[in-house]
Amino acid sequence: MRFVLATSNKHKIDEFRALLSPHDLYVVGNLDAEESKDTYEGNSLIKLDALVDHMFVERDGVVSDEVCFADDSGIEIEAFDGKPGVFSSRFMPGVAQDERNRIIVRKVAETGRNGAVFVSCISFFAGGKEIKRQVISRCEGTILSDEGAIVRTERDFGYDPIFIPKGFDRPFNVLSKDVKNSISHRALAVKGMLAALSDMHLI
Ligand code: ITT
């Protein structure tokens, strides 16, 4: 089976490549679909529809051994009353991610409210059965409350440097890739997609 994704987020690409192995992953660059909804489900579907349209314009459509999919994800932070959620990539406009992370950690220290949850909604279109489905998954955890504890690594994707998944004592960017890829919101959503495709006898 070949999976087709449209994104320019290199961290998502790396994670999906590992999560979908041994299947092929083909990446179409960002299609600039406007994420105009305020739900993960809505924006994930907008991205998927743009990708499916692209496949019809650029190629013969989505063939039977292909699955097109899109991920819309975000983090909901207790100290910010559940924000930024679907607006995670656009939170605090003009502020670099490192600084955003530091501001969040300071707010957590101030308020003592350290809960957070990552959410991923994957929408997919299976060419073989012309079926569109969605899976939404969550990964609960806490946010660091000490700015000095933020560590930089080669895997500093978004909010990973400040998010400690439940059951662990270190943030996602410090834990191994294998750990993240077994418990993350994205890993669970991929598992759900693969289970649905298997139920449909497509993989
Ligand atoms: P595409 O739309 O091209 O897929 P994007 O980065 O804009 O890429 P989203 O609209 O889904 O993707 O935004 C999700 C944001 O939420 C992402 O940019 C990160 O800031 C954050 N995020 C989501 N999953 C994450 C993860 O696993 N680790 C760290 N941050 C994450």
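## The shell around the ligand

In this predicted model, the residues of the shell around the ligand fall into three classes: three are nonpolar, nine are polar and eight are charged. The shell holds 20 residues, and the closest of them are Thr7, Lys12, Lys47, Asp160 and Lys180. Two elements give two or more residues to this shell, namely β3 (66-77) and α5 (185-199). Strand β3 gives the most, with four residues.

## Polar contacts and cover

An N or O atom in the side chain of Thr7 is 2.7 Å from an oxygen atom of the ligand, and a polar side-chain atom of Lys12 lies 2.8 Å from a ligand oxygen.

On its own, the ligand has 610 Å² of accessible area, of which the protein covers 91%. The ligand takes up the space of the largest pocket.

Helix α1 spans residues 10-20, and its buried residues are Lys12, Ile13, Glu15, Phe16, Leu19 and Leu20. An α-helix has 3.6 residues a turn, so residues three or four places apart point the same way. At the start of α1, a side-chain oxygen of Asn9 comes within 3.0 Å of the backbone nitrogen of His11.

Ser8 belongs to the loop between β1 (2-6) and α1. Ser8 counts as exposed because its relative accessibility is 55%, above the cut-off of 50%. The side chains of Ser8 and Asn30 are joined by a polar contact of 3.4 Å. Ser8 and Val28 are 20 residues apart along the chain, while their C-alpha atoms are separated by 8.3 Å.

## Backbone features

Most residues other than glycine have a negative phi, and most peptide bonds are trans. The bond joining Ser21 and Pro22 is cis, with omega about 15°; Pro22 is in the loop between α1 and β2 (24-28). The bond from Lys83 to Pro84 is also cis, with omega near 0°, and Pro84 is found in strand β4 (residues 84-85).

Positive phi values occur in Asp32, at about 55°, and in His201, near 60°. Asp32 is in the loop between β2 and α2 (40-58), and it counts as exposed because its relative accessibility is 67%. His201 is in the segment after α5; with a relative accessible area of 71%, His201 is exposed.

How values were computed. Residues are numbered from 1 along each chain as its sequence is written. This is a predicted model: local features need pLDDT of at least 70, side-chain atom pairs count only at pLDDT 80 or more; totals for chains, interfaces and linings use all residues. Side-chain values use heavy atoms; hydrogens and water are left out. A residue is near a molecule or strand if one of its heavy atoms lies within 4 Å of it. A polar contact is a pair of N or O atoms within 3.5 Å; within protein, one must be able to donate a hydrogen and the other to accept it, and residues adjacent in sequence count only if both atoms are side-chain atoms. Accessible areas come from the Shrake-Rupley method with a 1.4 Å probe; for residues, only the protein chains shown count as cover. On a 1 Å grid over the protein atoms alone, a cavity is a set of points where a 1.4 Å probe fits but cannot get out, and a pocket is an open set with protein on both sides within 12 Å along at least five of seven lines; lining residues have an atom within 4 Å of a point. A molecule sits in a cavity or pocket if more than half of its atoms lie within 2 Å of its grid points. Ala, Val, Leu, Ile, Met, Phe, Trp, Tyr, Cys and Pro count as nonpolar, Asp, Glu, Lys and Arg as charged, and the others, Gly among them, as polar. Buried means under 20% relative accessible area, exposed over 50%, partly exposed in between (1.4 Å probe, protein chains only).
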